[in-house]
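Please keep the sequence and the structure in view while reading.

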Amino acid sequence: MTVYLLCFILFLVGLYGIITRRNLVKIVISLSIMEFSVFLFLALIGYVEGGSAPIIDPATPGGIYVDPLPQAMVLTAIVIGLATTAMLMSVIIRIYRKYKTLDVREIKNLRG
Amino acid sequence: MKGMTLIVKKTTQLIAGLVFLYGIYVVLHGHLTPGGGFAGGVIIAGSFILLTLAYGSDFMKLTREETGTTITENLAILTALLIALAGLIFGAGIFFSNWLPAGKAGELISAGVIPLYNIFIGIEVAASILTIFLALIIFKEEITK
Amino acid sequence: MNPLIPLLVAVPLAGAFLIMILGKFVKDINKYIATLTLMFLVAATLVLMAGTGSDVAVYRLGGWDNINGIPIGIYMVSDGLSGIVLCIINVVGLLSVIYSFTYISRYTSENNYYALFCLMVAGMNGVVLSGDLFNIFVFLEIAAISSYALVAFGVGRTELEATFKYQILGGLASLIILFGIGFIYWRTKTLNMADIREVMGSETGKPLYLLVQMLLLCGFGLKAAVIPFHAWLPDAHSSAPSPISAMLSGVLIKAVGIYVLIRLFFNMFIISNETAVLITTLGTLSMVFGVFLAIGQWDIKRLLAYHSISQMGYVVMSAGMGMILLSKGIKPEVAALAVAGALFHLINHAAFKSLLFLNAGAIEYRTGTRDLKEMGGLAALMPATSSTSLVASMSISGIPPFNGFFSKLIIIIAAIMAKFYLLAVIAVLVSIITLASFLKFQRYAFYNREAANNGNNIREVPFPMVLSMVLLTLFCILLSLIAIPQVRDVVLTPAVNVLIDPHLYTSPILGM
């Protein structure tokens, strides 16, 4: 149970970062922290007590394996996270070139 | 972009080939061991990124390389999609069906079309990560210029 | 199994990759590939809808059948509801591509534009067709990431700011959704929506069930821009290039937001009264606040974006009324009417809101401004734009005989029959304020002759842009035919039946 709680705390750390940080890069880092907490949670729910990696060895049939589906989900989600982060970083580089700053307080053309 | 010192260059020279080979190993054994297309592709891209960072490159060369990686990436993923579509024609006639003989479990050439998916996804992931990397350094070069 | 179901996702993907390869070598091939792809999708959707009719068609990818009634593998499901949403996506997509021919030629890298457009359509088709939660998440991300890139396509100051906000909030929404999916998998060890309904059916009212419902409501509510989660929508939808604004407002928030909410809360969860009331409240709030935020806007596209929030409020409120009645188990025919009103308004909103965004794009294309105060007297200079936007404005404000009137009428009748008199009054009032807001748009943009100081080089927009606007106007008029009961039985009733009776949805998937 503790491990799930730690995972949730990590999620809140990321959320805190997104809300309070002013630097665009730090906001993206906070989003990544949240992302990894969710990945950790997904990896944890697939764990089976005493299970081994889910690869069936023809030599030793039977045995306990961990659930492979959450691992596939985490892998897919990591790929998606990679795409989002790359996209965000390239947008930040462009923003820096236009505004000459990374401070969210000075990037406010859109209001109302 | 400037290269790094002689020590880094020499070490990279020794390591990059091994990293590349290890990536290919992970891709080819995707259906037998942990790893597969995505993990292997990232490792392969890592060897190219090491070389670019250590030896440096000029702006024109980078943009040419980015065009190359974009085309490779799209060709690879298109081939993977065509293999899936071929399932509609061969075998059971179902999208994504495994239309090649399954072979014996645990051998390198087995599991039907899954190794083929792994290979093309490996190429696609390597090319796309390299594209992202090149795009980001091209941005950086444009700013410093 | 109908092979058209996976092709609806595979063909636009292949189109996107082909554009990126061939577009480097052959000039102008990008727009032809994109048009052909979208034409194929429209044809395939119509064939699929005609073939399935009121059935629920299941496609088991890779041929993995059920084992002991438990679904393994990835299933794609096509029923009446997904048919309607597929039609919206692909028809609006085709018209937006035709509109883009001349509109987008002032930007560089057209290849990337058309490839991302095809990817976005593939993502939305995938969301609508997939039968399990995790694939909804994956396709939703495909659609969302390509829309992030398309919003930033102009790479100006406002575009980049809007896309940054959109990406952070969109990323947050995706993580909340993934968290919810994780909890569901933890509890049920399945991801198939029909199977989840069976397994979790006995747990209604338990804390975990409520937590999952709230997580998914927040996540997809953020994607659908329901009112407390709407902050990103006006920025993103007004900064994008106009055909993309039409896609985002007309299609994307419906396919990845409203569609999934309706599907989950009718077909996957066993709805409790409290959740239904919460959803109705959220819908009513977006309806009211959206229109009040819209009325003060002077930027055309921001005004239209706020109206999207308000009109989506009608859909959510009407669907919520249906949920309340179903959860109480009373008046099933009124619940069916409310759901039918919601779906009818969903279709209509796609037609008139995309048309309005295309009009705004045409005005911006010729005058170079989006500020209502700087326009005027365009009715004489741009007759096609002016007349089509008049139809769309009357349609959105609910003037008979245009389509918006009939769907709002059905929603109001359903509210009165269900004895939600307050909601009926609010719906009428919001419609009147909408009318006021669009009178302002019409007057300042097209008829205000004193302000017409830019009359020299403004003329009608090129033919492809006029063509898509005129076709959408025809849809605005023809869609009012759905109000006739015989037509409604063909178009809306299969979708309504699947939503009202979840057994129709679950049994073909579970093979019972």
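How much area do chain C and chain A bury between them, and what share of it is on carbon and sulfur atoms? In this predicted model, the two chains bury about 3400 Å² between them, with 78% of that area on carbon and sulfur atoms. The contact involves 36 residues of chain C and 39 residues of chain A. Across this interface the rule finds zero salt bridges, whereas six residue pairs are in polar contact, both residues being at pLDDT 80 or more.

On the side of chain C that touches chain A, two or more residues come from each of helix H5 (133–151), helix H6 (157–188), helix H9 (232–239) and helix H12 (300–328) of chain C. Among these, H6(C) gives the most, with 20 residues.

Attention now turns to the second largest pocket. About 620 Å³ of space lies within the second largest pocket. It is lined by 23 residues, of which Cys87(C), Ile347(C), Leu479(C), Ile482(C) and Val491(C) are the closest to its centre. Five helices of chain C each supply at least two lining residues: H2 (29–52), H3 (80–103), H13 (332–367), H18 (463–478) and H19 (485–491). The largest share, six residues, comes from H3(C).

The table sets out both groups of residues by class.

| Lining of the second largest pocket | 19 residues | three residues | one residue |

Notes:
Residues numbered from 1 in each chain as written. Chains lettered and ligands numbered in written order. Predicted model: local features only at pLDDT ≥ 70, side-chain atom pairs only at ≥ 80, totals over all residues. Heavy atoms only, no water. Contact = heavy atoms within 4.5 Å. Buried area = accessible area lost by both parts, 1.4 Å probe. Salt bridge = Lys/Arg side-chain N within 4 Å of Asp/Glu carboxyl O. Polar contact = N/O pair within 3.5 Å; in protein donor to acceptor, adjacent residues only side chain to side chain. Helix = DSSP H or I, 4+ residues; strand = E, 2+ residues; numbered from the N terminus. 1 Å grid on protein atoms, 1.4 Å probe; cavity = no way out; pocket = protein on both sides within 12 Å on 5 of 7 lines; lining within 4 Å. Points joined across faces, edges and corners; volume = space filled by probe spheres on them. Nonpolar A, V, L, I, M, F, W, Y, C, P; charged D, E, K, R; others polar.
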